[in-house]
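Reader: I would enjoy walking through this structure with you, one question at a time. Shall we start?

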Amino acid sequence: MRQNSGYAHLLWQTQKGFNLDLGIRLNQHSQFGSYSTYTINPSYAIGSRTRVFGSLATAFKAPSLFQLYDPFSGRADLKPERSTNLELGVEQKYSKGQVRLVVFHRQITDGLD
């Protein structure tokens, strides 16, 4: 099996504290075909120590050769795992470290072990 991927990334930053990070990947897998995934990551700095941020991302993971063809536990009918991830958070910086509070939700389709 083989897998080829191409990735494009764009980072936009403003002087007023807003950042937007965008990415897209095209995966071409010899057995499972083409899948595209993306990330959207905005953030906003409130002053010099506080930042709010979010992330929306998708993912693709092909089963390994072991998962597909192991004589004892392999399953040749496995499909690629796909997921959608949503994350929201706030970060506070201090002189000796930082604190982050993050909530997230992940939805997985055809999950692999």
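Reader: Leaving aside neighbours within four places in sequence, which residues is Leu101 in contact with?

Author: Happy to start there, with the reminder that this is a predicted model. Leu101 is found in strand S6, which covers residues 97-109. Once the neighbours within four places in sequence are set aside, the contacts of Leu101 are Leu88, Gly89 and Val90.

Reader: How far apart are the C-alpha atoms of Leu101 and Glu91?

Author: Along the chain, Leu101 and Glu91 are ten residues apart.

Reader: Let's turn to the tryptophan at position 12. Which residues does Trp12 touch, not counting those up to four places away in sequence?

Author: Trp12 has its place in strand S1, residues 3-13. With residues up to four places away in sequence not counted, Trp12 touches Phe18, Asn19 and Leu20.

Reader: What is the C-alpha to C-alpha distance between Trp12 and Leu22?

Author: Trp12 and Leu22 are ten residues apart in sequence. From C-alpha to C-alpha, the distance between Trp12 and Leu22 is 8.5 Å.

Reader: How does Trp12 count in terms of relative accessibility?

Author: Between the limits of under 20% for buried and over 50% for exposed lies the partly exposed class. Trp12 has a relative accessibility of 46%, so Trp12 counts as partly exposed.

Reader: Stepping back, what pattern does the protein follow along the sequence?

Author: There are one helix and six strands in the protein. Read along the sequence, their order is β-β-β-β-α-β-β.

Reader: Why is the protein described as more spread out than a compact globule?

Author: For 113 residues, the globule rule gives a radius of gyration of 13 Å. The protein is well over that, so it is more spread out than a compact globule, with a radius of gyration of 19 Å.

Reader: What are the rough dimensions of the box that the C-alpha atoms fill?

Author: The box is taken along the principal axes. The C-alpha atoms of the protein fill roughly 55 × 25 × 25 Å.

Conventions: Residues numbered from 1 in each chain as written. Predicted model: local features only at pLDDT ≥ 70, side-chain atom pairs only at ≥ 80, totals over all residues. Heavy atoms only, no water. Helix = DSSP H or I, 4+ residues; strand = E, 2+ residues; numbered from the N terminus. Rg over C-alpha atoms; globule rule 2.2 N^0.38 Å. Contact = heavy atoms within 4.5 Å. Buried < 20%, exposed > 50% of the residue type's maximum accessible area, 1.4 Å probe, protein only.
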